[in-house]
Amino acid sequence: MVAYTTGLTAARWCARTFPAAFATCVRPARVTPAALLATIELFANLAYDRLFFFDMSGVSFAPWLDNPIAQFPHTLVELQQRDPHDLIESIWDDRDVIWSPTPEVYGLPRNPDELDLHEFPFIVAVWRLLHRTAWATIHEHEPGALAHFLGERSVAGRFVAGLKPLPAGTDIAALCAHLDRAPPRGISHLGSAMLYVAGMTGNQYADTNWTELYDWYGNYGIRWDDADGLATIREAQVEAQAIRDAFLQINAQMRQHPYRFRAVFASIHRLADEVRAAQAAPVHLIDLFAPVPTTEGPYGLTLYPIRVERDGQSMPDYGIDVLGPITVLRTSNPAWPEAATADDHPPVAAPAASASGDSAG
C-alpha cells in the first residue's frame, strides 16, 4: 500500500509541478508498479536542480538524467519486464525521495581518515594555520603531525611543516573578509575558502557535511509543494556550490605550485597583524562579558551568541585532536515555534528546516 501511495503521490507532484511532462508521460499510462516507479524516476529527475538539489545516490532508478521525459517510455518498457513484487520493493526503498528528500550538503569531512589529504594540501595548510584559533578544525599537539598527512618529505608536507600558525586571538571572520575584498597574489575567494575548511562560511549547506547531516538531523521537513521554501534552499545550495568550487580551484593551484603559496600565507599573517592592531580593546571589565549582539541568519532565524562547543575526538596516533563544529547557542523565529533553544541537542537547526518550519529534532 505504501509503495502505491508513494508512486501516486509522485504522479500528483508531477502533475502540479511539471504539468506538460505529466500530460505527455504519466497521464496515458496505466497504474502499474512499472508505471509508478517510472513516474518516480521522472519526477525526481525533473525536480533535481529545477526545484532544489537532493540526494539521489542510493535510489534504484536512474538518477541525474539529461532528458527524463524522453527516457520515460524506455524506462517503462524496461520495468514492465521485471517482477512486479521487485518493483514494489524498489518503490518502497525509494520512498524517501518523495516523502522526505534529503538535501545535498557540500561541507568537508572533519576526520582526516575520511579524506585523501594528498589530494587536498590546502585543507592541511588551513588546519595548520588555524589550529591555535577558536575556529580550528584540527588541533595539532605534536610538531609535524599535520605535515605527516602529506608526507614529511613531500613538497607540500615540508611547506605545511614550516607554516606558522595564526595567534590564538585572531579574528578569523574579519581576516577572511579582508582576504576576499583584497585577494593576495590574485587568489580570489581565499577568505571564503579558508572559512569553508573551517566549516564557518555562514552557509549551512557549505558548513555541513554528509556525516553531520545524517548523524544530527532527522526529518528534514521538506515539502514538494513549498515552492518558496524550495527556492530558498536551492539559492543557498547554489551559493554553497560556488564556495566549494572556489576552494577546489585554490586547492588545485596549491597542488601544482605549493611553494608559491609561501607568499600567500605570508600575506595572510601580515593582514592578521593589521586586523589585530585595529581591534578595539575593552575599556571596562564588564565589556569582556557583555552579550554579543544577535544577528539574523539567511533563513530568518535570529542567531544568538556563538560559543565554541566541540566534540573533541583525540587521535593520539596521529598527534592531533579532531574538533567538532562550532554550535549556535540558541535560535528563535516567531514563524518556527519549535526552534532550538540553548538546552536542545543538537543546538543548530537542520540545513533544510526553513523549507517547512518543521523541527529538525
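With 39% relative accessibility, Arg223 counts as partly exposed, a class that lies between buried (under 20% relative accessible area) and exposed (over 50%), judged with a 1.4 Å probe on protein chains only. Arg223 forms a salt bridge with Asp225, their closest N and O atoms being 3.1 Å apart, where a salt bridge is a side-chain nitrogen of Lys or Arg within 4 Å of a carboxyl oxygen of Asp or Glu. Asp225 is likewise partly exposed, at 42%.

The model is predicted, so local features need pLDDT of at least 70 and side-chain atom pairs count only at pLDDT 80 or more, while totals for chains, interfaces and linings use all residues. Residues are numbered from 1 along each chain as its sequence is written, and side-chain values use heavy atoms, with hydrogens and water left out.

By the salt-bridge rule the count comes to 7. One of them joins the side chains of Arg234 and Asp49 at 2.6 Å, N to O. Arg234 lies in helix α14 (residues 227-256) and Asp49 in the loop between α3 (33-47) and α4 (68-79), so this pair ties together parts that are 185 residues apart in sequence; helices here are DSSP runs (H or I, at least four residues), numbered from the N terminus. Arg234 is partly exposed at 28% relative accessibility, and Asp49 is partly exposed at 31%.

Another salt bridge brings together the side chains of Glu119 and Arg255 at 2.7 Å, N to O. This pair also links distant parts of the chain, with Glu119 in the loop between α6 (95-99) and α7 and Arg255 in helix α14, 136 residues apart.

Key. Helices (H or I, at least four residues) and strands (E, at least two) are DSSP runs, numbered from the N terminus.
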